[in-house]
Amino acid sequence: MEPTRVSHFELIRRIGRGGMGEVYEATDLKLRRRVAIKFLSSELALDPAALTRFEREALAAAELNHPHIATVYAFEQDGDRPFIAMELLAGPSLRDHIAAGTLPVAEALAIARDVAAALAYAHRRGTSHRDIKPENLMFDEHGEIKIMDFGLARASMASKLTVTGTSLGTPAYMSPEALRGETGPAGDVFALGLVLYEMLAGHRAYPGDNAMAVMFAIANEAPPPLRGVRPEVTDEVESLVTRLLAKDPAQRLEAAAAAKELGALTGVSMTEVRGLDAALRTGAGAGAHSGVAASGLQTVPIRVAASGLRTVPIGNAGLATSSGVPAAALTDVAIPVAGRARPRRWMRVGVAIALFILIGAAGLAMVSMASRRRDQALVIEQRGEAARKAGHGTTARALFEQAVKLDPGQAAALIYLGLFAMDDHRFAVAESLFNAVIDHHPKDPQVLAGAFYNRGDCRLETDQYAAAVEDLRSAIALDSSTSNVYNNLGFALIQNGQPDEALTVVKRGIARFPGEKYLFKTAGQAAIQLGDPAQALTYLDHALKIDPHFSQADSLRGRAIALVAPGGQ
């Protein structure tokens, strides 16, 4: 019997089955809007580590706000049935669109342009999709293309990785480095190049009879010249596709640069490409090919201190699989070079068979020791997180220490250990741990933001107000997606004798997060410092309206009333 309702969503009809599980059209009874509900497969739901990873990816995906990325609204659990609620798209997938016939060149370029702009935005925020393919690109009711399941398919596939040894991604759209277990933003760009080639040529760049043949071709061969199958394609377009499909990720275009070129080819300026201008202004290209896995940033409330609500950023570089086709198995295969004859077809088939035998014998398990240690560290860190949530602090701390010993770059474990050290008033130790996160993740903006945020909080605790201001400014410049960074920066500015700037910062936070009581409390505190108790009362009354039992706001309100009264000081 079909389910009819989960949580506050009324299910209307089943609309498909994805790699994660059943998909339903539903109505959000609270917000009165149509959504898509994706139930997680039973295999994923029964794996605690995989479920934690998936939840983390869903929360990271929910932070992506771009016109060409499908919006994730929520990750919830109804009994033992976890699911996500996301934007319901009315149109067909790009796969359906391609199946209807070869796309006009201008249309294909426009679609690729919009996808590239969305990828540039996500890459700037430290998040990669890792499964770009026509099935994950859908049109909305207005004909706009949108990327589906950002990070979610990756988390779902990762749950099966240790069992099957399967690489992340769909073989026909994987990059050469992804076949070796190296994933990141450059792999998304390669997949986009394959999608663009397919839209223009009418068939895949590497069709192949089976997955192994496709993987071998991706690693060792160039696709047939595009103009050979689509003569009206210009030299500029073929050059762009060639650079998107460069075997070496260091030679590959970055998403922002690709979007800019595609904009020029379609007669659209940089500022007219929706969502691209911001990505270019913030330097999306810097370190985009570093290969750092980015699973997003989740904030978990820890405690209320004088500085407001502390949050722990959780980002797991190293979430990506280290399995896949062994590097040696691919790089030792004969590759044609200038001045050498291309191997005859029977030789190449023989090499492919040998490669298949080698991979089968190895069970796709020939990974480096460092990668194994990262995978082990991730599992241990997740156990530590589960222990922390269950209130077993001693066990959690021991597990986090074990994870860091295996992988010194395990960001979440380092940050949790830093917070444990702060709880013990070992602030110098905490600061060194946050420094370690910065040292190990210099090109991941969200992890950097979390490290700066927590180091700023640590410095607030030790009255290093000027240093705290600088850290929190760095954090908000990298990631302004939480209310707490506005609140703590405002508090630090007040303590540093800059209440005017504090009020400006906090008012920006209030505009974005009008339901956050701490922002109104800090605004009231800044107004008191500025000698305007009447304005302070307005902010503090609003904070108490949100939470009538908010003691910090109530205390400040009493002080403001005293200052408003005749003769108040």
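A salt bridge is a side-chain nitrogen of Lys or Arg within 4 Å of a carboxyl oxygen of Asp or Glu. Side chains of opposite charge can pair when their charged atoms come close. The structure above is a predicted model. A search of all of it finds 26 salt bridges.

Start with aspartate 479 and arginine 125. Their side chains meet in a salt bridge, at 3.9 Å from N to O. Aspartate 479 sits in the loop between α20 (465–478) and α21 (483–495), while arginine 125 sits in the loop between α4 (105–124) and β7 (137–139), so the pair ties together parts that are 354 residues apart in sequence. Both aspartate 479 and arginine 125 are buried.

Now look at lysine 133. Its partner in a salt bridge is aspartate 131, with 3.5 Å between the closest N and O atoms. Here too, lysine 133 and aspartate 131 are both buried.

Next comes a pair between two helices. Arginine 243 forms a salt bridge with glutamate 261, and their closest N and O atoms are 2.7 Å apart. Arginine 243 belongs to helix α10 (residues 235–244) and glutamate 261 to helix α11 (residues 255–265); the two residues are 18 apart, and the pair links distant parts of the chain. Is this pair buried or partly exposed? Arginine 243 has a relative accessible area of 28%, so it counts as partly exposed. Glutamate 261 is partly exposed as well, at 27%. Buried would mean under 20%.

Salt bridges can also share partners. Glu431, Arg455, Arg459 and Asp471 are joined into one network this way.

Asp471 leads us to helix α20, where it is one of the buried residues. An α-helix has 3.6 residues a turn, so residues three or four places apart point the same way. What do the buried residues of α20 pack against? They pack against α19 (445–461) and α21. The helix α20 itself has 14 residues. From its first C-alpha to its last, α20 reaches 20 Å, close to the 20 Å expected at 1.5 Å a residue.

Finish with the strands. In β3 (residues 22–28), six of the seven residues are buried, so this strand is largely enclosed by the rest of the structure. Strand β4 (residues 33–39) runs antiparallel to β3, and six bridges join the two. Aspartate 28 stands opposite arginine 33 in β4. Together β3 and β4 form a hairpin, with four residues between them. In that turn, arginine 32 has a positive phi of about 55°.

Note on methods. Residues numbered from 1 in each chain as written. Predicted model: local features only at pLDDT ≥ 70, side-chain atom pairs only at ≥ 80, totals over all residues. Heavy atoms only, no water. Buried < 20%, exposed > 50% of the residue type's maximum accessible area, 1.4 Å probe, protein only. Expected span 1.5 Å × (residues − 1). Contact = heavy atoms within 4.5 Å. Pairing = 2+ DSSP bridges.
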